[in-house]
Amino acid sequence: MNKYICAVLLFIFGACAAQAVTAHKPGHAAIASAHKLATAAGFEVLGEGGNAFDAAVAVAAALSVVEPQSSGIGGGGFFLLHRASDNKDVMLDARETAPAAVKESQYLKADGTPNRDTSLYGPLAAGIPGEPAGMVWLAEHYGKLPLAKSLAPAIRIAQQGFQPDARFLEAIADHREQLGRYPGSRALLLPNGEVPKAGWTFRNPDLAALLERLAAKGNDGFYRGKTAALMLKAVQAQGGDWTAADLVGYRAKERDPITIHYHDWRIVTAAPPSSGGVALAEIFNVLSGYNLTEADGVHRLHYIIEAMRRAFRDHNEYLGDPDFVKMPLATLMSPQYAAGLRAGILADKATPSSMLPSAVAQDPGMHTTHFSIIDADGNMVAATQTVNTHFGSCLVPPGTGMFLNNEMDDFALVPGAPNAYGLLGNKANAPAPGKRMLSSMSPSFVFGPDRVGVVGSPGGSTIITQVFEGILAFMDGKSAAQIVAQPRYHEQYLPDVVYAEPDAFDTATAKALEAMGYTIKQRHAWGFMNVVTWDLRDNKLDAASDPRGISGSGEVK
Ligand code: DON
């Protein structure tokens, strides 16, 4: 199609690239997730006549069994969906909410200083879970199978057990003290009071029973009845103040995703309460004024890092739950705003963050999970889900086998005090009853004239730069395996540092960047990206899981 006509169509329908997709059906499917048992659960459900949305329920539920340190039924997430039959793109927001009794003073010590312990561990750290309502919504509105079928593989794994990998065992060792505080958590993960050793078989019959109640009764099987009673009892016993109304009142919500046009590509990604899509839009809009293909390697990085710096400056300043906060989204994502940002980027010099108007910023972290799916009909799911830091609040309500999240820490709980990722407070993200906390999770689709990608990763604030670098690599023609393996770098305004994985820059490039004024700091590897791609020219799918993870698996069948 002529580029001009395409541009006009894009303007009118916003869907030119997606129209190319409609004409195709891959005829086979691909799934990439953080655990081979979860990937297998997805394929099992596809084999029973399910579609990508049923498979997403199966993968999400299986991850809650085999990777509970990262995500689970007691947490939440964002599911980005593409339905092939009508080209609908939608974001299913299953993010946790604050309970009605939330008070900022709960997160302060008697002397008025921040109480990091209540922000991160125990009942006050936990938001009302959104993951179960997300699964129920997916099954009811998009799936082909009853919830019971899609949950069956996870229920079976929880009953029969599996051998946790080294990541899981290390996470237990790292959180031994906090897990030891709560009877339900001790019983589940510290057999005989000890950190289990390699070869241990982890069975979780309570979680299997909880999933069975969800399968049988949908939302009522979690937010009412036995599961609700077990949660309320444990939360209240440990000093929390959830009520039955908090649980019954939880709703998963459909939101319009953010769409970014960048050259021939259309990127569909997470809207608030994720900050990711807005930040990605700013980065791509700034970069659209440069020719990245012709720029030398050092200047390409210079432009990208400066775009990241500016996007992160805005990231935490304005954004929060769209149901509570008015946000200047149209301005932040406009080409004129990007042109203004670009005008401040010097040709050969880093901009010190201190020269930009001050704002708050985050620091990277490493838990959470992302999976990507394309089914035989071309339906697609990008899902990032989390309990926040490892094992969330570390609180398992006895009888549930499920960790409650510690997502409350993603709010600016104490104005001026950093959260787990270095996030400082501002009003847009202050806690309030029923409000969703701001997130960096950025599940994304990339639609091009002849290729489509499904991208996402965990990693706190680095999620945004990982997803950006993944999308750029996809646009550059890299394979799924190359995209997930490529070395990463990250700039987030404050601290004024470019974090780099060991192989991100060669010596000459690092020296040239330092000469421009950048401070580069090497960090241990981060992220656990899971990518699926679809080449419309030969109708081939490709899938890959990050080599940084241990049990990840990307498969095409
Ligand atoms: O929603 C968020 O942005 C965080 N709760 C995600 C946490 C995360 O990715 C941890 N690191 N891997």
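Predicted model: local features only at pLDDT ≥ 70, side-chain atom pairs only at ≥ 80, totals over all residues.
Me: What do Glu407 and Asp410 do at the ligand's nitrogen atoms?
Reply: An N or O atom in the side chain of Glu407 lies 2.7 Å from a nitrogen atom of the ligand. For Asp410, a polar side-chain atom is 2.6 Å from a nitrogen atom of the ligand.

Me: How many residues surround the ligand, and of which classes?
Reply: The ligand is surrounded by 16 residues, with His367, Glu407, Asp410, Ser439 and Ser440 the closest. The shell comprises five nonpolar, eight polar and three charged residues.

Me: Changing topic: in what order do the strands of the open sheet run?
Reply: The order is 4-3-2-8-7-1-16, seven strands with antiparallel pairing.

Me: Which strands stand at the edges?
Reply: Strand 4 (253-255) and strand 16 (553-556) do; each has a single partner strand, so one side of each lacks a neighbour in the sheet. On average, neighbouring strands are turned by 10° against each other, direction ignored.

Me: How many bridges join strand 7 and strand 8?
Reply: Six bridges pair strand 7 (residues 369-374) with strand 8 (residues 380-386) in the antiparallel sense. Ser372 stands opposite Ala382 of strand 8.

Me: Which strands does helix 4 lie across?
Reply: Helix 4 (residues 52-66) lies across strand 1, strand 2, strand 7 and strand 8, at about 155° to strand 7.

Technical notes. Residues numbered from 1 in each chain as written. Heavy atoms only, no water. Near = heavy atom within 4 Å. Polar contact = N/O pair within 3.5 Å; in protein donor to acceptor, adjacent residues only side chain to side chain. Nonpolar A, V, L, I, M, F, W, Y, C, P; charged D, E, K, R; others polar. Pairing = 2+ DSSP bridges. Helix = DSSP H or I, 4+ residues; strand = E, 2+ residues; numbered from the N terminus. Axes fitted to C-alpha atoms, helices over the stretch in contact; angles between N-to-C directions. Contact = heavy atoms within 4.5 Å.
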